Amino acid sequence: MNEKVNDKSDVKVKIQKFGSYLSGMVMPNIGAFIAWGLITALFIPTGWLPNEDLAKLVGPMITFLLPLLIGFTGGKMIYDIRGGVVGATATMGVIVGTDIPMFLGAMIMGPIGGYLIKKFDEMLHGKIKSGFEMLVNNFSAGILGGVLTLIAYKGVGPVVEALSKVLASGVQFIINHNMLPLANIFIEPAKVLFLNNAINHGILSPLGIEQAAKAGKSILFLLETNPGPGLGILLAFMLFGKGAAKQTAPGAVIIHFLGGIHEIYFPYILMKPMLLLAAMAGGVSGVFTFNLFNAGLVAAPSPGSIFALMAMTPKGNYLGVLAGVLVATAVSFAVAALILKTSKATDEDLTSATAKMEEMKGKKSSVSSVLASQKPINSESVNKVVFACDAGMGSSAMGASILRNKMKKAGIDVTVINTAINNLPSDADVVVTHKDLTDRAKAKLPNANHISVENFLNSPRYDELVEALKK
């Protein structure tokens, strides 16, 4: 029985890790995507300020700049700057060898370039004569990058282009037959498993950008980023929830809807998995409404805030986008309210139960750390606390900010930062993650102290850590 549970956990970790690599190539470059989206929304013939001269920026940015950034980031993830340079060089081959935006090709060639130059350097490590290091390093990167560019141009590019066209045709078929809303039956549960960034930036965004380049907008940008389903669930907790969930829901609403950090509502669903039905119903109804109004965005909104959605909405689409968000909110609220009102006593998670117990006692519980299955922390050896999430930009930034303030008030001089799990620094003494991501963090840094939390917004683990560091 335990072996089956472990196998399922391993599979989930591997899927999350693969998804992180996909999204990790796009997330650091979101600023460039937004810049392209704004220029597109403003200056194309159907934009807010049509300008034939400035609109010339749109094509080169989507054809060259964005894929090269992805290729560089993919190579850098494998082998730092040197890997990034070779990865970007190899990406140029798939860009020139095709006539469509080559995001998928960049996601392939970037990591390949980084991996191969890393293996080459490992093979020659310690074998280069003194004084020849720079010569070998420069020429090896240049020759390998050149060879990969030629291979990508003649071989990889055409294959990826054909694959992209098949995927695009499949998406168009689904849209033409009004089946796109059904995609959220799979998207919403996958989001809760922390695959939201992988789905949005690894799959939907590349396909959406190809559509936007042709039609000026794409509904695919709205499938995962719609804040409506999460907002409806959080509003239901505000009115019908109990305990810590009810108390933290108002703050979560602001962080989710206005701040765009969707991870904040995932723990609320994990406390009561039946609420997945509410998320799916909201997602499906929202996309159906977007489809009805022929709504779309010019680029991926990141984070998924209502402000970001409005910024990426082209002229004439505001009614459709807002309608989709409102319908998704109303439907998910109705289903979530029904589930919360008709279910038995709230299935509180262990962290919430511990927090409530401590609140009732009026002091910290001596068994809290036992309940959390957390090993004791040696305050003298802790210099850096790292909050880690899938992308390192949303929920981890929020948790790090909360703990940083607690540390400051307690007069504790400890560095608190946030990052993606794939980029966990080797000098991290304490790593804080959501419980569904802790296994990945432990695999990355097995010797660090690991703290699992259910809710980045309000966890008793923060106070326990502060108390431990005081001692």
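Which residues does glutamine 211 touch, not counting residues up to four places away in sequence? I will come to that in a moment, after a word on conventions. What we have here is a predicted model, in which local features need pLDDT of at least 70 and side-chain atom pairs count only at pLDDT 80 or more, while totals for chains, interfaces and linings use all residues. Residues are numbered from 1 along each chain as its sequence is written, and side-chain values use heavy atoms, with hydrogens and water left out.

Now the opening question. Glutamine 211 touches Val171, Gln172, Ile175, Gly216, Lys217, Ser218, Ile219 and Leu220, where contact means heavy atoms within 4.5 Å. Glutamine 211 sits in helix 6, residues 184-215, and helices here are DSSP runs of H or I with at least four residues, strands being runs of E with at least two, numbered from the N terminus. With a relative accessibility of 17%, glutamine 211 counts as buried; the cut-offs are under 20% relative accessible area for buried, over 50% for exposed, and partly exposed in between, with a 1.4 Å probe and protein chains only. Alanine 215 is also placed in helix 6, but alanine 215 is exposed, at 58% relative accessible area. Its C-alpha lies 9.1 Å from that of valine 298, although alanine 215 and valine 298 are 83 residues apart in sequence.

Stepping back to the whole chain, there are 17 helices and 4 strands, and 52% of the 471 residues count as buried. Among contacts between residues at least 6 apart in sequence, 72% join residues at least 24 apart.

Next, a helix pair. Helix 10, residues 276-292, and helix 12, residues 318-342, pack with their axes 7 Å apart and at an angle of about 155 degrees; the axes are lines fitted to C-alpha atoms over the stretch in contact, and angles run from 0 to 180 degrees between N-to-C directions. The two helices, helix 10 and helix 12, are therefore roughly antiparallel to each other, given that angles under 35 degrees count as roughly parallel, over 145 as roughly antiparallel, 65 to 115 as roughly perpendicular and the rest as oblique. From helix 10, the residues that meet helix 12 include Leu277, Ala281 and Phe290, and among their counterparts in helix 12 are Val321, Val327 and Val335. By class, this contact of helix 10 with helix 12 has 12 nonpolar, 7 polar and no charged residues, where Ala, Val, Leu, Ile, Met, Phe, Trp, Tyr, Cys and Pro count as nonpolar, Asp, Glu, Lys and Arg as charged, and the others, Gly among them, as polar.

Turning to the rings, the count comes to 6 aromatic pairs, under a rule by which rings of Phe, Tyr and Trp (its six-membered ring) pair if their centres lie within 6.5 Å, with planes under 30 degrees apart counted as stacked, over 60 as edge-to-face and the rest as tilted. One of them is the tilted pair of tryptophan 48 and tyrosine 318, at 6.1 Å centre to centre and 50 degrees between the planes. Tryptophan 48 lies in the loop between helix 2 (30-43) and helix 3 (58-96) and tyrosine 318 in helix 12, so the pair ties together parts 270 residues apart in sequence. Tryptophan 48 is partly exposed at 41% relative accessibility, and tyrosine 318 is partly exposed at 30%.

Finally, the backbone. Aspartate 80, in helix 3, has a positive phi near 55 degrees.
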